[in-house]
Amino acid sequence: MKYRKLGASDLSVSEISLGSWLTYGVGVARDQASACVDRAFDLGINFIDTANVYGRGAAETFLGEVLAGRPRQSYVLATKVYFPMSASDQGLSRAQILKQIDASLKRLRVDHVDLYQCHRYDQSTPLEETMQALTEIVQAGKARHIGFSEWSAQQIARSFEVPGSAPFVSSQPQYSLLWRQPEDQVIPLCATRGISQIVWSPLAQGVLSGKYQPGAARPAGSRATSDSMGGMMSSWLSPAILEAVQKLKPVAREAGCTLAQFALAWVLRQPNVASAIVGASRPQQLEENAAASGLVIDPALFAKAEAIVAPARRGA
């Protein structure tokens, strides 16, 4: 496993990180989920990403249980705040940030997180209030660093104008061969301000593994067949996308790796990306994904792959 510095922070994170959206505490049986976390550590994955809203606290509770026996310095822990935890608990107001960080720390069974992220931008709260609250929790030692997820370049730039604020060190956008929006404005801006990308859905919900065949039944046990995990996948399962992805398989073979590894290596080719977040329901998936770290692939093959998927790409 290779490691990269997270923005201007002192954190070193594994190029492949373990996520918990739709999986742990919700869509994956506990013994399977626990086995995945154990295998992640075996593979050198030290970066674990979650959010308070995942399973309305269930993912954090699960991680708090399985990480309890490990030395705190052996992993980099990130969580998020913004989405509703109840009818009255939502957003990035000072009251919510201070309340939700304490609740997350309790569920995670730690006294601090390494990275606390705004899960989205809060249009209903003054940015100054949000930045001050985030700075307070950093000063209190409850979070070592702060980040954001899915903020626009304009929103990011506004945060730089708030005086006396703790600096953001990470951005968490969706980014993959099939979704390249961050390249236009977010990545260039962040690269100038010591902010790294930790990207979600680098495999487009598993579609870039190549497991979903156009016109065929979805593989048994896959995310697409899961009641709890499959709801977010419909937009990735169009015939145009699935046909384009199948055409990538020979390119990956030429590169000497699996399609999933090729897609992860493509994300990691971007210097501003510190880590690619993967979800896993089986340890074997993590083994395959972790092997993408450090892969050296001919840029001409990446260019070939980009041309293949360009007509089907979303968010172009």
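Where does glutamate 15 lie? Glutamate 15 is in the loop between strand E2 (12-14) and strand E3 (16-18), strands being DSSP runs of E with at least two residues, numbered from the N terminus. The model is predicted: local features need pLDDT of at least 70 and side-chain atom pairs count only at pLDDT 80 or more, while totals for chains, interfaces and linings use all residues. Residues are numbered from 1 along each chain as its sequence is written, and side-chain values use heavy atoms, with hydrogens and water left out.

Glutamate 15 has a relative accessible area of 7% and is buried (under 20% relative accessible area, with a 1.4 Å probe and protein chains only). Leaving aside residues up to four places away in sequence, it touches several residues, including Met1, Leu268, Ser275 and Gly294; contact means heavy atoms within 4.5 Å. Its side chain makes a polar contact with the side chain of arginine 4 (2.8 Å). A polar contact is a pair of N or O atoms within 3.5 Å; within protein, one must be able to donate a hydrogen and the other to accept it, and residues adjacent in sequence count only if both atoms are side-chain atoms.

Helix H11 covers residues 299-309; helices are DSSP runs of H or I with at least four residues. Its buried residues are Leu301, Phe302, Ala305 and Val309. Seen down the axis of H11, they fall within an arc of 100°, so they line one face of the helix; the arc is that of the directions from the helix axis to the C-beta atoms. Helices H7 (239-246), H8 (249-255) and H9 (259-268) are among what covers these residues.

Conventions. Buried means under 20% relative accessible area, exposed over 50%, partly exposed in between (1.4 Å probe, protein chains only).
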